[in-house]
Amino acid sequence: MTHHDKTHIWARTKRFLADPDLEPHHLAWSFALGFAIAWNPLLGTHTGLVVLFCALAKKLHRPLAFMGAFTNNPWTMVPMATGSALFGNVLLGRGLHLDLSGVDWKSFGWQSFTTREGFEAAAAMLKPILVPYLLGGFVLSALAIPVGYFLMLRLAHRLRGPKPVPTPLSGD
């Protein structure tokens, strides 16, 4: 990606967020909802949830909702899942130590999700970290709403610049 491409992408993003037809609070809610979905610990549901919420709430801006949700992607998934599990551990009073010694990551495969025996074996292995992961993920998902909302609202207002001040008509 060249410097020109980066500048072009940023210029298009600025024009998009500064579009006068889009209310800043709609942009903010759209991103916030997607960002909350990104922290949802139920992997594999993110895209479906964005599509569902965008279908139910007509004023959501789909690209921003997807952008927020896709902050959870192959590069960020492990750090976000780890953060969720650690946060859940802290909420449970267990501190920052996660015991992963009983998890044999190489044994996970299609059978872990497609057969009852595989699923039960995977659940038994993940039991020590499953509750902290789910708790942390759902709490972080809820906290992502105000964080995503206020960050996007501030960005949208900043990119739009100050509102023009009406000038009085001369001769009044």
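The model is a predicted one, and the protein in it has seven helices and zero strands. The chain holds 172 residues, of which 30% count as buried. A core of 19 residues is the largest nonpolar one, and a search of the whole structure also finds four aromatic pairs.

**Overall make-up**

- Read from the N terminus on, the elements follow one another as α-α-α-α-α-α-α, in keeping with a count of seven helices and zero strands.

**Nonpolar cores**

- Within the largest nonpolar core, which has 19 residues, those with the most contacts inside it are L17, L27, W39 and M152.
- The elements that give two or more residues to this core are α2 and α7, and α2 gives the most, with eight residues.
- Once its neighbours within four places in sequence are left aside, M152 is in contact with L17, L27, A28, F31, L64 and M67.
- There is also a second, separate core of six residues, and V50, C54, L60 and A69 are among them.

**Aromatic pairs**

- Of the four aromatic pairs found in the whole structure, one joins W29 and Y149, whose ring centres are 4.6 Å apart and whose planes stand at 45 degrees, so this pair is tilted.
- Because W29 lies in helix α2 and Y149 in helix α7, the pair ties together parts that are 120 residues apart in sequence.
- F150 is itself exposed, with a relative accessible area of 55%, and ring pairs link W29, Y149 and F150 into a cluster.

**Helix α5**

- Helix α5 has 15 residues and reaches 21 Å from its first C-alpha to its last, which is close to the 21 Å expected at 1.5 Å a residue.
- The buried residues of this helix are M80, S84, A85, G88 and N89, and they pack against α2 (24–39) and α7 (116–160).
- Just after α5 comes G93, which takes a positive phi of about 80 degrees.

- N72 sits in the loop between α4 (62–69) and α5 (77–91), and the residue is buried, with a relative accessible area of 11%.
- The side chain of N72 reaches the backbone oxygen of A38 at 2.8 Å.
- Leaving aside its neighbours within four places in sequence, N72 is in contact with A38, H46, M77 and M80, and M80 is also one of the buried residues of α5.

Notes. Residues are numbered from 1 along each chain as its sequence is written. This is a predicted model: local features need pLDDT of at least 70, side-chain atom pairs count only at pLDDT 80 or more; totals for chains, interfaces and linings use all residues. Side-chain values use heavy atoms; hydrogens and water are left out. Helices (H or I, at least four residues) and strands (E, at least two) are DSSP runs, numbered from the N terminus. Buried means under 20% relative accessible area, exposed over 50%, partly exposed in between (1.4 Å probe, protein chains only). A polar contact is a pair of N or O atoms within 3.5 Å; within protein, one must be able to donate a hydrogen and the other to accept it, and residues adjacent in sequence count only if both atoms are side-chain atoms. Contact means heavy atoms within 4.5 Å. The expected span of a helix is 1.5 Å times one less than its number of residues. A nonpolar core is a set of buried Ala, Val, Leu, Ile, Met, Phe, Trp, Tyr and Cys residues joined through side-chain atoms within 4.5 Å. Rings of Phe, Tyr and Trp (its six-membered ring) pair if their centres lie within 6.5 Å; planes under 30 degrees apart count as stacked, over 60 as edge-to-face and the rest as tilted.
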